[in-house]
Amino acid sequence: MRREHMSSKIYATITGVGHYAPEKVLTNDDLEKMVDTSDEWIVTRTGIRERHIAAPDEFTSHMAIAAARKALAHAGVAPEEVEAIYVATCTPDMVFPSTACLVQAGLGIKNAYGYDVSSACAGFVMALDTASAVISAGRIKTALVIGAEKLSAVTDWTSRNTCILFGDGAGAVVLQASDKPGMLSSYLGVDGNLSDILYLPAGGSKLPASEETVRERLHTVHMAGRETFKIAVNTMVDAAQTAVARAGLQIQDIDIIVPHQANHRIVDAVATRLGEGVRDIVFMNLERYGNTSAASIPIALSEAVASGQVKSGDNILMVSFGGGLSWGGGVWVWP
Ligand SMILES: CC(C)(COP(=O)(O)OP(=O)(O)OC[C@H]1O[C@@H](n2cnc3c(N)ncnc32)[C@H](O)[C@@H]1OP(=O)(O)O)[C@@H](O)C(=O)NCCC(=O)NCCS
């Protein structure tokens, strides 16, 4: 074996992307009939106009499978070629088995392992990092990385503080080994000291389901909005800057930013802090989806690719923030 061949780097590249959104759309006008809010308030404070809501018999795994099918078709990869399935979700169908197992069965994938990555809204960038590292280590050649959420199942529909924000959906990418880049960098972090500003209190081993947890609505997302907002901005700026620096690039070298779609004002503040003109390269689809947690980046990436806004050789920055606290950024070259 020639020396340069021995030392050649294996990159993980995104070769296919797809997304799925449930049919039902819940508009701000619909929400006005449910809680004391207004379209004007929601649009001004968040940028959200509508969100998709899964049917009662439609679960996270169904949406994950639908998105994955599209990503596989886009990549021209058959299910039997998939060796690993990573599903980023904080709303799995069940505590166990993992949603990844249900995706394996649903797609008829043979000879793959899989598991869920639980890191709230930062789950997708975390899962991408792991899948990419496993591919770069030469352990596997093809992975499915999915972000899928049914947040409507854990939303308190009587709380105007939170119910206006969230939506359901799934996005997926196919990652494959290549000698061309690929993932250029990744930067991830967590800080559990602030876990109580954004969390889902009950349903785990601390507060198993009881009449009281149901009565107190503890099986739904709890959030301190203002605190979350401030920390999200600072953390996403740091994650973006660090990921870009680790890629050996400047922010001006980035062609498109696909941020976690949490709130228009959060993303605008991040873009302003990252530099002049950065707002122009940020892809947003939040107004039609709301915050879909781990699904938001792959749904946005899929729409950005479908709209022709991502071109071969483009440097893509993905950056996210979520409950945990958890955050991450990564720079990718579009093949
Ligand atoms: C939730 C969020 C939109 C609230 O906006 P805000 O400007 O911080 O508003 P506040 O929470 O300070 O509330 C301001 C007022 O609006 C009211 N309000 C809250 N939700 C409302 C709603 N849906 N409709 C109308 N009024 C509302 C509050 O009760 C408060 O009224 P008061 O002044 O009489 O007490 C904002 O804090 C936010 O986006 N935070 C980050 C959320 C997020 O992205 N979480 C996920 C991260 S991954």
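Predicted model: local features only at pLDDT ≥ 70, side-chain atom pairs only at ≥ 80, totals over all residues.

Reader: What is the bridge partner of Y20 in strand 7?

Author: Y20 is bridged to A170 of strand 7. As a general idea, strands of a sheet pair through backbone hydrogen bonds, and the pairing is either parallel or antiparallel.

Reader: What is the order of the strands in the open sheet?

Author: The order is 1-7-6-4-5, five strands in an open sheet with mixed pairing. Its edge strands are strand 1 (11-20) and strand 5 (113-117), each of which pairs on one side only. From one strand to the next, the twist averages 20°.

Reader: Which strands does helix 4 lie across?

Author: Helix 4 (residues 60-75) lies across strand 1, strand 4 (84-88), strand 6 (142-150) and strand 7, and runs at about 125° to strand 1. Helix 12 (residues 296-306) lies across strand 1, strand 6 and strand 7, with an angle of about 90° to strand 1.

Reader: Which residues of helix 5 are buried, and what do they pack against?

Author: In helix 5 (residues 99-107), T99, A100, L102, V103 and Q104 are buried. These buried residues pack against helix 4, strand 4, strand 5 and strand 6. Just after helix 5 comes G108, with a positive phi of about 65°.

Reader: How is the protein chain divided into domains?

Author: Domain 1 covers 3-180 and domain 2 covers 184-333. Their C-alpha centres lie 14 Å apart. To the contact, domain 1 gives 43 residues and domain 2 gives 43 residues.

Reader: Which elements give two or more residues to the side of domain 1 that touches domain 2?

Author: They are strand 1, strand 3 (50-53), helix 6 (123-136), strand 6, helix 7 and strand 7. By class, that side of domain 1 has 21 nonpolar, 15 polar and seven charged residues.

Reader: Why does the ligand lie between the domains?

Author: The reading rests on who lines it. Domain 1 and domain 2 both give residues to the shell around the ligand, so it lies between them.

Reader: Which of the 20 residues around the ligand come nearest?

Author: T37, R160, G225, F229 and A262 come nearest. Helix 3 (39-46), helix 7, helix 9 (225-246) and strand 12 (315-322) are the elements that give two or more residues to the shell. Helix 9 gives the largest share, five residues. Sorted by class, the shell has nine nonpolar, eight polar and three charged residues.

Reader: Where in the fold is R160, and which residues is R160 in contact with beyond its neighbours within four places in sequence?

Author: R160 belongs to helix 7 (residues 160-163). Apart from those sequence neighbours, R160 is in contact with V35, D36 and T37. For a distance along the chain, take A21: A21 and R160 are 139 residues apart in sequence, and their C-alpha atoms are separated by 23 Å.

Terms used
Residues numbered from 1 in each chain as written. Pairing = 2+ DSSP bridges. Axes fitted to C-alpha atoms, helices over the stretch in contact; angles between N-to-C directions. Contact = placed C-beta atoms within 7 Å. Buried ≥ 20, exposed ≤ 12 C-beta atoms within 10 Å, placed from the backbone. Domains from an automatic or database assignment. Nonpolar A, V, L, I, M, F, W, Y, C, P; charged D, E, K, R; others polar. Near = placed C-beta within 6 Å.
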